Amino acid sequence: MKFGPVPLDGAEGAYLAHAVHVGARRIAKGKRLDAADIADARAAGLNELVVAALESGDLHEDAAAAMIASAAAGPGLAARPPAHGRADIVADAAGLLLADIAAVDAVNTHDEAVTLGTLAPFAPAAKGEIVATVKIIPFAVPEALVRSAADSAKGVLRLARFGTLRAAFIQTTLPGTPAKLLAKTAEVTEARCAALGLAAWREMRCAHTADGLAGALAETADADIVLISGASAISDRRDVIPAAIEQAGGDVLRLGMPVDPGNLLCLARIGARPVIGLPGCARSPRRNGFDWVLERLWAGLDVTGTDIARMGAGGLLADVPRPEPRPKPEAGGTVGAVVLAAGRSVRMGANKLLADLGGKPVLAHVLGALQSAGLPAIVVTGNAEAEIAEIADRFGFQAAHAPRYAEGLSRSLAAGIAAVPDDWSAALVLLGDMPGVTADHIGSIAAAAGARRIAVPVHDGKRGNPVAWGRRYFARLRGLEGDVGGKALLAEFADDIVEVPVASDAIFMDVDTPEALAAARARYE
């Protein structure tokens, strides 16, 4: 191919290298110039144009892209007509892209003029979605080069189509397991399966014991795949879910995966049926390692323990919360408290934190407990800012104002987390209207906290407040929207939760209403 400026008399039939304006008309880059184009260019005062002229043995960029794309598009894929040296390859159904990485590399190392880019291997694709693209860099390339690259591209890509499977879903329960949590988990899991192609869905529940789960597994013979969501995370091959699978005649192929979120996944088989013990993060619709395994099985691909072991490269998923880009505390750093004291007290009719309880404001009880526990604290202000800040100062605590506090609890939480010092490894988030929480409660929760853990108090099998969040989760806490707090993230990070037994029901009690305040006065005075 010849490339460069040529006089107008020699430009006809060549391809324009750069768009030009000739009077009121624009001649686009890549257009094959005809007599009218040359005439318009001459009328505009141009003497030459930069063009690409094909020589014997050359293929135009579109023909070259089409040849390589057609060769690369294996079963389940189709090459679209080329344009501007580009030919896209699309899925003809929903499925997973299977790519031979070494073969893709071979295509791309033929010559810099030829490029083949694809989605990552095993990436899910919808029908009609672009999964790969061939782009020829110059306007033309030697035909011999194109044919060689096309030979290398044969069989490089194919699509494993999602089938239709019958799924059995088992949830194990413990005393106090919230019904809402079970319902949400079932809804999220069924939606995941339905998106892949669900033929039938059957939900079952049983006690979180090896015997109870083994009995439920015995009733899933009509399912193609069995999914188990445990009431607590799997921590060992001898734990309830792996033990029940073996008791039911199955084999545990792999416990744990190098994908985060999704580390605590269990892969097993009972006969030919795959069985998956779900990681806690699967309660959330956010993409995690469970999706990687589920999609492969739904596409008819075998998944082994070795396959899971090879998922580590790229297994740190982009949407997992990351530590913020500032100095990080070492393990064992300070645990402090963020006290949410910015609310409008709509249900109370007056600022509940300033209400008298035993001769001092409600908030003073909370800050006194923190002071006795020896924790540093940040008190988030909003409504009645001056009065709340004065109480915080009285206890020697910092105040941080939430200018958008009226938008909901999430904005107060974000302001508090943003003010956390660099040396805190975790923040205990405490509501300012929980006067029954004591220094002992706070100390126990803080002792269980860590940079990569969530410590939650539990009484009689029910979770309450305050909750200690490791620094790992700060970015996600700051990203919440609306009138919600950190509780909205607990299901997503279920595997990271440490439950702290508390002997008092004070972890459930706040003073949102006049009736609640009266009850608190009767209890604490």
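Author: Quick ground rule: helices (H or I, at least four residues) and strands (E, at least two) are DSSP runs, numbered from the N terminus. By that numbering, Pro466 sits in the loop between β28 (462-463) and β29 (467-470). This is a predicted model, where local features need pLDDT of at least 70 and side-chain atom pairs count only at pLDDT 80 or more, while totals for chains, interfaces and linings use all residues. Residues are numbered from 1 along each chain as its sequence is written, and side-chain values use heavy atoms, with hydrogens and water left out.

Reader: What makes the peptide bond from Asn465 to Pro466 cis or trans?

Author: Omega there is near 5 degrees, and the bond is cis. The bond from Asp260 to Pro261 is also cis, with omega near 5 degrees; Pro261 belongs to the loop between β18 (251-255) and β19 (266-270).

Reader: Why are α10 and α11 called roughly parallel?

Author: Angles under 35 degrees count as roughly parallel. The axes of α10 (residues 362-373) and α11 (residues 385-394) cross at roughly 30 degrees and come within 10 Å, so the two helices are roughly parallel to each other.

Reader: Which residues make the contact?

Author: With contact meaning heavy atoms within 4.5 Å, Leu363, Ala364 and Leu367 of α10 meet Ile388, Ile391 and Ala392 of α11.

Reader: Why is Phe122 called partly exposed?

Author: Buried means under 20% relative accessible area, exposed over 50%, partly exposed in between (1.4 Å probe, protein chains only). Phe122 has 32%, so Phe122 is partly exposed.

Conventions
Axes fitted to C-alpha atoms, helices over the stretch in contact; angles between N-to-C directions. Parallel < 35°, antiparallel > 145°, perpendicular 65-115°, else oblique.
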